[in-house]
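Good morning, and thank you for coming. Please look at the sequence and the structure that I am about to show, and keep both in view while I speak.

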Amino acid sequence: MRLIVREDYSEVSTYIAKYIKERIRQFKPSAERPFVLGLPTGSSPIGTYKALVELHKAGDLSFEHVVTFNMDEYVGLARDHPESYHSFMWKNLFMHVDIKPENVHILDGNAEDLDEECNRFEAEIARVGGIELFLGGIGPDGHIAFNEPGSSLTSRTRVKTLAYETIIANARFFDGDVSKVPKLALTVGVATVMDAREVCIIITGAHKSIALAKCIEDGVNHMWTVSAVQMHPKGLIVCDEDATLELHVKTVKYFKSIEHVHHSLIGAENLSLQGGVKQLRSPTSPSHPKMPFE
């Protein structure tokens, strides 16, 4: 697992957007072999989506051959409701880029048979060959998607009852009225996310610092479902300085030192995008270590 620390939310968002752009570019997607991207909602990815839109408008990124699968959707909320995740995704990303509507996959919280809808979603992921990169955010309690504390780490896409704390937290999107907040959601499972060939998690803000510490320094625990990323062969967490407040100082220094060694001693030109060493030539020793795409 890699931990990349950047100064603030803006730098984290820019880093991840450029990382996604470069992953898509290197993949060289086509109609027959699309790049399959898992996407979250909530406050965490908004900056990343904004940066992706800017990259698209600048001509540096195309979604023409990108297929997306969203993590979750409320049950019983109309598709065109302003707080539905369908509306969120079109407002913040899809309507601003060249993605084909038929390549967008969002769970239907109004399906007649919710269990069948979840099975259909899993089958569609398998049909396109699995997810290449799953981007995710977390809640302060370390939940990923709606896999809240206590969720099985082998869970698949399913109907989930929301925790009271989540309902209270989401009331701010429904005029502060708890009664308007949906109590059920459809969500991908922890195993659905971990099946992706790469997982990238956004963690920013002091209010998520305990969750980051649990994820990085403690063991895998179903009470902190994001901790499952420890078991992924290509797990990447990108956080800001505020989110590291609960980490031991030596932990932060360790991960920063790894990035320093990669880029100042090994050299960015010798590294693959995902952190592997691809060749050995004399490094250029930049004053501020950067990934090859920065």
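Is Lys256 buried, partly exposed or exposed? Lys256 counts as partly exposed, because its relative accessibility is 36%; here buried means under 20% relative accessible area, exposed over 50%, and partly exposed in between, with a 1.4 Å probe and protein chains only.

Before I continue, a word on the basis of these values. This is a predicted model, in which local features need pLDDT of at least 70, side-chain atom pairs count only at pLDDT 80 or more, and totals for chains, interfaces and linings use all residues. Residues are numbered from 1 along each chain as its sequence is written, and side-chain values use heavy atoms, with hydrogens and water left out.

Let us turn to the sheet. Helices (H or I, at least four residues) and strands (E, at least two) are DSSP runs, numbered from the N terminus. Two strands pair if DSSP finds at least two bridges between them. The open sheet has seven strands in the order E1-E10-E9-E6-E2-E3-E5, with parallel pairing. At its edges are strand E1 (2-6) and strand E5 (104-105), each of which pairs on one side only. Five bridges join strand E2 (residues 35-39) to strand E3 (residues 66-70) in the parallel sense; Phe35 has Val66 in E3 as its bridge partner.

Helix H4 packs on this sheet and touches E3 and E5, where contact means heavy atoms within 4.5 Å. The direction of H4 makes about 155° with that of E3; axes are lines fitted to C-alpha atoms, for helices over the stretch in contact, and angles run from 0 to 180 degrees between N-to-C directions.

Next, the salt bridges. A salt bridge is a side-chain nitrogen of Lys or Arg within 4 Å of a carboxyl oxygen of Asp or Glu, and by this rule the count is 12. One of them joins Arg120 to Glu117, with the closest N and O atoms 2.8 Å apart. Both residues lie in helix H4 (residues 114-127), three residues apart, about one turn of the helix. Arg120 is partly exposed at 37% relative accessibility, whereas Glu117 is buried at 8%.

Finally, we return to Lys256. Which residue forms a salt bridge with Lys256? The partner is Glu241, at 2.8 Å between the closest N and O atoms. Glu241 lies in the loop between strand E10 (235-240) and helix H8 (249-267), and Lys256 in helix H8, so the pair ties together parts 15 residues apart in sequence.
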